[in-house]
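Below, each label put on this model is set against the rule behind it. The questions ask where each label comes from.

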Amino acid sequence: MTAAATDRAKTDKTAAPAAAPARRPRDLGWLGVPVTAAAGLAAFWLFPEDLGLLTRILATALYVLSLDLVLGYCGIATLGQAAMFGTGAYAAGIAAVHWIGDPLALLAVGGLAGGLIALLTGALILHARGLTLLMLTIAVTQIVQEVANKARDWTGGSDGLSGIDPAPLLGLFRFDMFGRTSYLFALAVLLAGLLVARRIVRSPFGLACRGVKEDPLRISAIGGSPKAYLVAMYAVAGVFAGVAGALTAVTSGIVGLDSASFSWSAEALVMLVLGGTGRLYGAVLGTVSFMGVHHILAASDPFHWMLFIGLFLMGVVLFLPGGILSGIERLGGLFRAKGGKA
Amino acid sequence: MATHLRTALFGAVFGLALGVGGASAATVKVGVIAPFSGPFAMVGKTFKEAIAVYQAENGKTVGGDTVEFIFKDLDQANPAQSKALAQELIVKEKVGYLAGFFFTPDALAVAPLIDEANIPAVIFNAATSAITEKSPRYVRTSFTLWQNTVPLAEHMARQGIKTVVTAVSDYGPGIDGETAFKTTFEKSGGKVVDTIRMPLKSNDFAPFMQRIKDSGAEAIYAFLPAGPTTLAFAKAFADNGLKEKGIKFFGPGDITQEPDLPALGDAALGITTTFNYSQAHDSAKNKAFLAKHKELFGSSDTVTFTSVGAYDGAHVIYQMIQKTGGKPDGLKAVDAVKGMSWESPRGPLTINPDSRHVTQTIYLRTVEKVDGKLQNTEQAAFADQPDYGYKVGK
């Protein structure tokens, strides 16, 4: 009786949000891409001297976005996203040093490598859940990092893989010292990534993934395979992370062991939680605010900035538990509620 | 069209900035990239303090130009961030010199930038030999593993040691040390009976100690990153009875650096190392350096190899500014200091014109307790040691 009642309640709950969020992000989403593009271009004109940092922010935003796809939309608790990022970065770096110069081809190589490693490891570990899964994702990252450390002839080991010198973009634009090409290139890639990610999470496949997150049993009951959905989304996110890694390799010209480190995974998680999970733009907002604040604090006081960034994070967690974007949405919701009642 | 205009504009602004930098009685900025927070914050602190000591001794102006150091924090090895910081320093802060660099990848990351901007980079630490091959604008005032290891291996062979086991952490510098040791020691007639590569993050060394015991070697050559791992290794060496058994412990001096000695404690007693600097180095220059440091910061206990790396690096930068009259030309500045010799707190230094790395005296030291405090007492000195690893290739 009670079970059935809760079940019915759950049905109602899942049915209602399934319709509601589909509508709300649609409004935000249409705004999101042009707003990101406009903000990105504005930053290009406003801070022409900070393009190095801004390029890193954009590439990182794409990486955090990939984490949002697995964590926010599938509920996969992972601390292993850096494995895909690192694999993509190293694959693109190695390809650039030995064979390919074209930046777009390098992104493809990175994406492919990231997707493959995600598919392989995802198929192996995604039967686990919760803490077990968390441990397994950490293990995968450690293995990738150790392989990169051991394969010194290919990756440069702890010295880093240097000598990545990509050809001009589209044969026209050289990657210059001021970082203008790098920045615009990264912005274009991030925007493309946002569009594709939006398309994916709104597709039947994306909705099925959200279904798995809400209730995997129900998905099996209606004939879907939760694990297959999870592995597929994990691989898709792997492609995103791999492209982000390749983008970092191309724009910075070097890949280090840090790109496949546990702390890089954890940092992505912090940025995502800061911005808000399951919202795509939360990833961008979280990355921009975290790295922006980090940069300003570290520049003003290179010796004690960590204390202040800790205070900043505590403030956000205390007052905006759903991330910065949830605060904005709550504000929007207030207005909408008033409008609806009137 | 618009692109051309913007390019021209950027060029003009940049050129103007450089021009202003070159005018007399201006400010020459030096960007220092190093860890100032996090687990390696001590390194940045020693850099900053050594620079302050140098400026206190030599003034803040060179030929009318004020020298200003700008510090950028890079808390761990992160080459992409290193490049972004260097880019910011060059484009926004208009620095004429880059300096610092604790980790090798962070130093390597700036090679394309310093070449394009024609700016010298003075490396205070990053110790992989290959770095200076990547750009003609690198100058290094620290040491390399080859530089420390070759004289040590030769010394051990001279001592009549025949069989040695190498035990190194499995990462770039460790492998460098192993290669340098094996090559030199076997050339000198000794035999490396076993080469052990230990996981970088391992803290349990008992199995490796057993392997060393079983190999029957007379001595070990060990290299691990400074800090807790070395501590655990030295303790395991004593606890597993290897010390009692009379197996001798040798290694490059990074493993017994001054700030770590109190933590290493008596387990470190008797470890013999070769290095470019010991706080206990007996010279007037070193005494003056330590006294000034104590006067400015209250204590000189943390003065170590990164301190002299930065101190001598600051000297090289001052000389570059003086010899180019403050004009921004990276290649000319580097050319101006090639072959330059001077007396440093660690002893006599010369910048090798080919490798742009310092040729220096390497000291053989043993950890001893003097007045209740552990120190690296110098036993012998090997003069004029170059970077043996330059262009060896890996």
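**Labels and their grounds**

In chain A, 49% of the 342 residues count as buried. This is a predicted model, in which local features need pLDDT of at least 70, side-chain atom pairs count only at pLDDT 80 or more, and totals for chains, interfaces and linings use all residues. Residues are numbered from 1 along each chain as its sequence is written, while chains are lettered from A and ligands numbered from 1 in the order in which they are written.

Q: What makes a residue of chain A count as buried?
A: A residue is buried if 20 or more other C-beta atoms, placed from the backbone, lie within 10 Å of its own; with 12 or fewer it is exposed, and in between partly exposed. Of the 342 residues of chain A, 49% count as buried.

Q: How many helices and strands does chain A have?
A: Chain A has 14 helices and 0 strands, where helices are DSSP runs of H or I with at least four residues and strands are runs of E with at least two, numbered from the N terminus.

Q: Why is chain A called as compact as a globular protein of its length?
A: The globule rule is 2.2 Å times the number of residues to the power 0.38, and the radius of gyration is taken over C-alpha atoms. For 342 residues the rule gives 20 Å, and the radius of gyration of chain A is 20 Å, so chain A is as compact as a globular protein of that length. The C-alpha trace of chain A spans about 65 × 45 × 40 Å along its principal axes.

Q: What share of the contacts in chain A with a separation of 6 or more joins residues 24 or more positions apart?
A: The share is 78%, a contact being two residues whose C-beta atoms, placed from the backbone, lie within 7 Å.

Q: Which residues touch the most other members of the largest nonpolar core?
A: They are A:L62, A:M233, A:F240, B:L98 and B:I220, in a core of 208 residues. Such a core is a set of buried Ala, Val, Leu, Ile, Met, Phe, Trp, Tyr and Cys residues joined through C-beta atoms within 7 Å. Domain 1 (2–143 + 283–356) and domain 2 (146–275 + 362–385) of chain B both give residues to this core, so the core lies between them.

Q: How far apart are the C-alpha centres of domain 1 and domain 2 of chain B?
A: They lie 31 Å apart, with domain bounds from an automatic or database domain assignment. In the contact between the domains, 10 residues of domain 1 of chain B meet 10 residues of domain 2 of chain B.

Q: What makes β1(B) and β3(B) a pair?
A: Two strands pair if DSSP finds at least two bridges between them. β1(B) and β3(B) run parallel and are joined by 8 bridges; B:K29 has B:E68 as its bridge partner in β3(B). β1(B) also pairs with β4 (residues 97–100) of chain B in the parallel sense, over 4 bridges, and the partner of B:G31 in β4(B) is B:L98. Of the 8 residues of β1(B), 6 are buried.
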